[in-house]
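Please read them with the structure open beside the text.

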Amino acid sequence: MKYLHLIWAALFRSKTRTFLTLLSVITAFLLFGMLDSVRVAFNSSANVAGYDRLITTSKLSITQSLPYRLQTQIEQVPGVAKASYATWFGGIYQDPKNFFPNFSVGPGYIELYPEYIIPPDQLKAFYATRNGAIVGEALAKQHGWKIGDTIPLQATIFPTKGSNNWEFKLVGIFKLAENSRKGEEKQLMFNWKYFDEANDFSKGQVHWYVVDLANANQSTQVARAIDALSDNSDHETKTQTEQAFNQAFFKQIGDIGLIVTSIMGAVFFTLVLLTGNTMAQAVRERIPELAVLKTIGFSNRSVLWLVLAEATLLVVLGGLIGLGIAAIVMPAVSAASMGLIQLPHMPSATWLVGIGLMLAIGIGVGLLPALRAMRLNIVDALAGR
Amino acid sequence: MSRMKKWLGNLGVVLALIAGLVAWTMLPWYGVLAVLVALVLWLLLTRTGRLALEAAKIGIASLPQRWGPSAVIVVGIAGVVGVLVAMLAMGAGFEATLKQTGNDQTAIILRGGSQAETNSVITRDQVPLISSLAGIAKGPDGRPALSPELSQVVNMVTKADHTDANAQLRGVGEAAWTLRPQVKIIEGRKFNPGMRELVVGQGAKKQYVNLEVGKQLELANQVWTVVGVFASGDSHDSELWADADTLGATYRRNAFQSVTAKLDGKDGFKKLKAAMAADPRLKLDVDTTRHYYAKQSEGLSKFLKILGTIIGGIMAVGAVFGALNTMYAAVAGRAREIATMRAIGFRGLPVVVAVMLETMLLALLGGLVGGAIAWLIFNGYSVSTLGNNFSQVMFQFKVSPELLWNGLKWALGIGLVGGLFPALRAARLPVTEALRAA
């Protein structure tokens with residue numbers, strides 16, 4: 001620590017070079033911050049911890065529907081606390097580009113998601129209003145909806161009285177406390193009963209059941225018991241944890257993790273090369289100075305540490321600025337991605353991994369020049385040989 | 001006063017640079033060729049040009065001595081070009097696969113308002129009504145050439161990690177084969193109508209377990225036998241085909257999802273659309289298959305294009321700083337040499353051009369390396385994603401010459417920015433001071 005001013009002075013010996021290196025480190029970590037938060041976001045939506053729910057869908061395929069009467073049977077399975085159901089609606093608001101999930105839900109569905117925060121009177125109004133709908137806060141904000149508004153949706157699957165025009169009355173707005181799950185605010189739910197009565201060809205059919213467990217450790221047995229209910233029938237089911245269900249779904253969109261990781265790999269390879277080259281140059285230029293340091297009594301080891309600290313300081317400085325900028329621009333990116341990425345804040349995991357990387361890269365690029373500085377022969381170095 | 005002048009000069013250079021870059025990105029290949037020819041002529045025919053060439057030769061000859069820093073420019077730019085080309089190749093591959101699926105000679109009919117086949121329902125009694133519409137071509141047997149099809153999403157187990165994925169199971173009739181001449185059986189045979197037999201696309205066979213000819217699998221509690229493999233070179237490659245009637249009976253479905261029809265001549269589509277609109281019994285949408293499939297690829301390829309350009313852009317900025325760094329160091333390292341050249345009569349312009357040529361050469365090398373890596377690793381690399389029908393579509397990265405050309409333009413653009421300021425510094429180096437120093 002007492003040599004900090006020395007390291008600092010060495011760092012800014014050649015201002016242009018340090019500045020330019022700093023800028024390339026900043027861009028690299030800016031990119032890292034943005035890509036890694038996207039990766040974390042994709043993983044976290046597939047990794048909803050703390051809630052132990054099961055999802056029961058048709059075994060044949062996710063688009064196949066299940067009979068509504070399964071509800072009572074599922075609720076009687078030992079280990080099941082509560083169960084509810086939903087049917088995918090897939091309506092369009094004004095333009096297909098405005099895509100957001102919308103589906104009808106049975107009674108008690110929203111209560112199965114205690115992390116969805118909604119005022120009790122709005123929830124009551126939802127069940128009391130035949131064509132009532134609730135939406136997430138982010139979605140309401142995006143389209144400027146207020147409670148009491150009528151939301152028209154164009155059906156893509158289920159016509160009502162021969163027409164595709166459905167109208168819903170907005171009675172409630174829910175929100176999520178967790179930032180990493182703000183994406184779930186972009187959905188609309190309405191009453192299944194209304195859907196069942198008003199649509200032209202689906203009667204008594206649902207697409208999935210959500211099951212709340214009495215004991216989280218029993219998920220495997222309960223899932224097996226639920227699937228046994230419809231064994232060898234024409235509507236065999238497949239029950240899995242919500243986590244497994246989401247993971248399987250996200251996996252199908254494409255291996256985003258792999259693509260992101262390979263991009264980051266390319267970025268870091270370039271970064272290590274750039275910074276390593278600068279450090280080598282800096283040491284090369286300062287050989288006589290380092291020799292003087294050794295002459296006046298600095299040990300080999302402290303020269304090694306000086307150079308190593310300089311490299312690390314440079315990378316950490318640039319890295320922190322880069323991550324800082326990423327944290328600032330992420331909300332703008334979220335807004336521009338039209339709901340694809342929902343990241344108002346950079347996840348803390350990204351900060352941690354980023355800082356770890358800064359230290360590792362700093363030491364990595366500094367090591368060779370530092371070793372070279374340590375092994376300097378004073379006489380040769382002073383003579384410029 | 002002179003500081004002010006220098007500052008204003010730099011500002012002018014930056015503005016000119018931005019304008020130059022914008023012009024550069026828009027320049028078509030013959031424009032680039034013209035610039036190149038003009039540059040070569042200038043280098044060879046004018047006195048200043050010849051001087052610049054001589055100065056550049058000295059710089060390039062000393063490149064091997066500075067291979068470390070020079071490699072930084074090459075690798076940095078190669079990274080940018082590689083990432084950019086790979087991302088764009090992914091979008092291009094997806095787009096190409098879906099575009100090839102459709103054409104202008106066939107139309108697809110869906111229920112009004114449906115965006116994709118999964119959402120659509122066409123009842124059996126609508127099919128004869130559709131076949132009597134104008135604009136549909138007659139088949140060899142004299143009957144209207146159209147194929148009512150069932151589309152069922154089924155769970156398949158992937159070979160890669162044994163998880164479930166959604167596959168498209170298409171129920172087709174005899175007409176489907178004539179409507180899609182690109183679909184060819186490459187192994188085994190076609191399914192027999194009325195039997196529980198499947199033919200699978202070559203992509204599906206590659207992606208899922210148990211789809212080899214002769215294997216049996218269970219769908220909806222019935223045992224089906226795989227009897228053939230087909231190749232189509234488009235999105236049908238990810239599908240499984242079976243007899244529509246047998247499939248409908250298995251899944252207890254008596255409605256179809258879509259009707260594909262061959263169009264009669266050039267204005268067939270117009271006629272069909274008009275006839276469809278005129279019949280109040282048919283609330284259906286009709287679209288050419290080309291437009292239908294092209295629309296499906298729009299979202300993802302646009303997203304990848306934007307993402308690729310943003311990431312490439314940020315990386316390019318990083319690479320510019322790297323190139324600036326290296327070239328500044330190169331100029332500083334050769335200060336005496338440059339000053340000597342200036343002292344013996346080389347003017348500013350040849351020195352600037354010499355440094356620029358050197359940087360552009362390195363950038364070109366980087367662009368070529370990056371493009372080559374992207375091509376070697378990613379061309380033909382197959383991936384799959386969830387398509388509009390809620391089922392997997394396999395596609396391959398497509399590194400086209402056009403993308404490589406684009407990558408090369410990016411590389412040279414980065415070289416231009418990274419070389420210009422060090423070049424200007426070299427030209428402005430105070431001769432006497434530089435000669436005296438070091």
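1. In chain B of this predicted model, the contact between helices α2(B) and α3(B) is made by Trp42(B), Leu43(B), Leu44(B) and Leu45(B) on the α2(B) side, which meet Arg47(B), Thr48(B), Gly49(B), Arg50(B), Ala52(B) and Leu53(B) on the α3(B) side.

2. Two packed helices are described by the angle between their axes and the distance between the axes. Here, helix α2 (residues 29–45) of chain B and helix α3 (residues 47–61) of chain B have axes that come within 5 Å and cross at roughly 95°. Because angles of 65 to 115 degrees count as roughly perpendicular, α2(B) is described as roughly perpendicular to α3(B).

3. Turning to the strands of chain B, how many of the 10 residues of strand β7 (residues 222–231) are buried? The count is 7 of 10, and β7(B) is accordingly described as mostly covered.

4. Strand β5 (residues 197–201) of chain B, by contrast, runs parallel to β7(B) and is joined to it by 5 bridges, with Val200(B) having Val229(B) as its bridge partner in β7(B).

5. Strand β6 (residues 216–219) of chain B is antiparallel to β7(B), and 4 bridges join the two; Leu219(B) has Gln222(B) as its bridge partner in β7(B).

6. In chain A, is Arg53(A) buried or exposed? Arg53(A), which is found in strand β1 (residues 53–58) of chain A, has a relative accessibility of 3%, and since buried means under 20%, Arg53(A) counts as buried.

7. The side chain of Arg53(A) also has polar partners. One polar contact, of 2.7 Å, joins the side chain of Arg53(A) to that of Glu115(A), and another polar contact, of 2.7 Å, joins the side chains of Arg53(A) and Glu242(A). Taken together, the picture is of a buried arginine whose side chain is in polar contact with Glu115(A) and with Glu242(A).

Notes:
Residues are numbered from 1 along each chain as its sequence is written. Chains are lettered from A and ligands numbered from 1 in the order in which they are written. This is a predicted model: local features need pLDDT of at least 70, side-chain atom pairs count only at pLDDT 80 or more; totals for chains, interfaces and linings use all residues. Side-chain values use heavy atoms; hydrogens and water are left out. Buried means under 20% relative accessible area, exposed over 50%, partly exposed in between (1.4 Å probe, protein chains only). A polar contact is a pair of N or O atoms within 3.5 Å; within protein, one must be able to donate a hydrogen and the other to accept it, and residues adjacent in sequence count only if both atoms are side-chain atoms. Two strands pair if DSSP finds at least two bridges between them. Axes are lines fitted to C-alpha atoms, for helices over the stretch in contact, and angles run from 0 to 180 degrees between N-to-C directions. Angles under 35 degrees count as roughly parallel, over 145 as roughly antiparallel, 65 to 115 as roughly perpendicular and the rest as oblique. Contact means heavy atoms within 4.5 Å.
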